[in-house]
Amino acid sequence: MEVSKQAKRVISISLGSSRRDASAALELGGQRVLLERRGTDGDLSRARQLLEQWDGKADAIGLGGTDLYVFAGNKRYTFRESAHLIANVRHTPVLDGSGLKNSLERKLIRSLAAGDKVSIKGSKVLLVCAVDRFGMAEALLEAGAQVTFGDLIFGLNVNKPLYSLKTLSWWASLLAPVITKLPVSWFYPMGQEQEAREPRHTEYFLENDIIAGDFHYIKKFMPDRLPGKTIITNTVTAADRSMLERAGVKTLITTTPCIGGRSFGTNVMEAMLVALHNGRGPLPAEEYLKLLEHYHIESSVECFSTKE
């Protein structure tokens with residue numbers, strides 16, 4: 001892809017599957033932006049090499065397939081393995097999407113609750129993992145949803161659903177200091193594991209109206225059929241969309257917009273906004289909201305045919 005001198009270059013280095021790689025060019029506010037996602041199939045050394053290679057060359061870098069931070073209440077926990085990946089990146093800001101999740105996903109849930117496309121109040125929602133989407137978790141509860149948090153079920157394979165932010169925060173404060181020091185691959189699918197299916201505790205998917213959260217958890221653990229369900233997620237490829245339609249999903253909502261037939265991860269979108277803002281690192285939540293409105297960046301809502 002040819003890069004003009006005026007274009008902002010945003011690259012995401014992911015520990016995920018290289019089969020999900022993609023690139024796109026778009027124009028926002030008269031500024032040309034080039035987006036690229038490169039998966040390293042779980043190869044930590046390769047990911048670190050690429051991160052250091054693009055330091056000083058890209059306008060902003062996204063870190064995908066892992067998180068730098070997870071949040072529970074007012075506490076932030078840093079993944080040691082992820083921090084090691086970016087230890088030598090000194091000139092280009094690296095964003096993992098956590099800052100944008102906290103603003104964009106709150107905005108999306110509030111917008112859905114105020115509209116008529118998806119009923120939030122009174123709906124039963126499975127949020128597969130809330131510690132990396134605390135803003136979404138709070139917004140769902142504020143909107144009157146009955147939320148089941150699947151952090152222990154799908155992250156640690158412990159069949160213990162959580163139903164309140166207070167309980168979630170307690171578990172997070174107990175486990176996060178330990179978990180963030182362990183290899184991320186122990187509890188999050190990486191590389192080719194992102195393509196594997198392993199249905200787990202499918203009753204939670206079937207008994208809820210809305211399935212929300214990280215798509216790799218949803219894809220890996222969901223049953224083959226999800227008739228009439230609404231999915232709220234991101235990082236969905238064209239192949240993923242076809243799979244969800246075949247599964248009988250009624251509505252797919254991606255928190256990030258559809259670009260070139262797929263939605264990019266929040267790490268890519270956050271890096272893009274920081275690049276456009278000429279920032280040096282994460283921005284305050286209110287600044288992300290201003291930029292989303294300024295550039296007219298909207299979430300995507302797609303309704304599938306429900307024919308058998």
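This is a predicted model: local features need pLDDT of at least 70, side-chain atom pairs count only at pLDDT 80 or more; totals for chains, interfaces and linings use all residues.
**Exercise 1.** Determine which residues of the largest nonpolar core touch the most other members, and examine the contacts of I61.

*Solution.* 
Step 1. The largest nonpolar core holds 73 residues. Those touching the most other members are I61, L127, L140, F205 and I232.
Step 2. For I61, neighbours within four places in sequence are set aside. Contact requires heavy atoms within 4.5 Å. The partners that remain are I11, I13, L51, W54, D55, V89, T92, P93, V94, L95 and A271.
Step 3. Another core, of 27 residues, lies apart from the largest one; A24, L26, I259 and Y295 are among its members.

**Exercise 2.** Describe the volume and lining of the largest pocket.

*Solution.* 
Step 1. The volume is about 510 Å³.
Step 2. The lining comprises 33 residues, and Y69, F71, S98, G99 and P282 are the closest to the pocket centre.
Step 3. Two or more lining residues come from each of β5 (69-72), β7 (94-95), α3 (98-114), α4 (134-142) and α11 (285-294). With five residues, α3 gives the most.
Step 4. By class, the lining has 16 nonpolar, seven polar and ten charged residues.

**Exercise 3.** Identify which element gives the most to the lining of the second largest pocket, and classify the lining residues.

*Solution.* 
Step 1. This second largest pocket has a volume of about 210 Å³.
Step 2. Its lining consists of L104, K107, L108, S111, L112, G115, D116, K117, V118, E298, S299 and V301.
Step 3. The element that gives the most is α3, with five residues.
Step 4. The lining divides into five nonpolar, three polar and four charged residues.

Note on methods. Residues are numbered from 1 along each chain as its sequence is written. Side-chain values use heavy atoms; hydrogens and water are left out. A nonpolar core is a set of buried Ala, Val, Leu, Ile, Met, Phe, Trp, Tyr and Cys residues joined through side-chain atoms within 4.5 Å. Buried means under 20% relative accessible area, exposed over 50%, partly exposed in between (1.4 Å probe, protein chains only). On a 1 Å grid over the protein atoms alone, a cavity is a set of points where a 1.4 Å probe fits but cannot get out, and a pocket is an open set with protein on both sides within 12 Å along at least five of seven lines; lining residues have an atom within 4 Å of a point. Grid points are joined across faces, edges and corners, and a volume is the space filled by probe spheres set on the points. Helices (H or I, at least four residues) and strands (E, at least two) are DSSP runs, numbered from the N terminus. Ala, Val, Leu, Ile, Met, Phe, Trp, Tyr, Cys and Pro count as nonpolar, Asp, Glu, Lys and Arg as charged, and the others, Gly among them, as polar.
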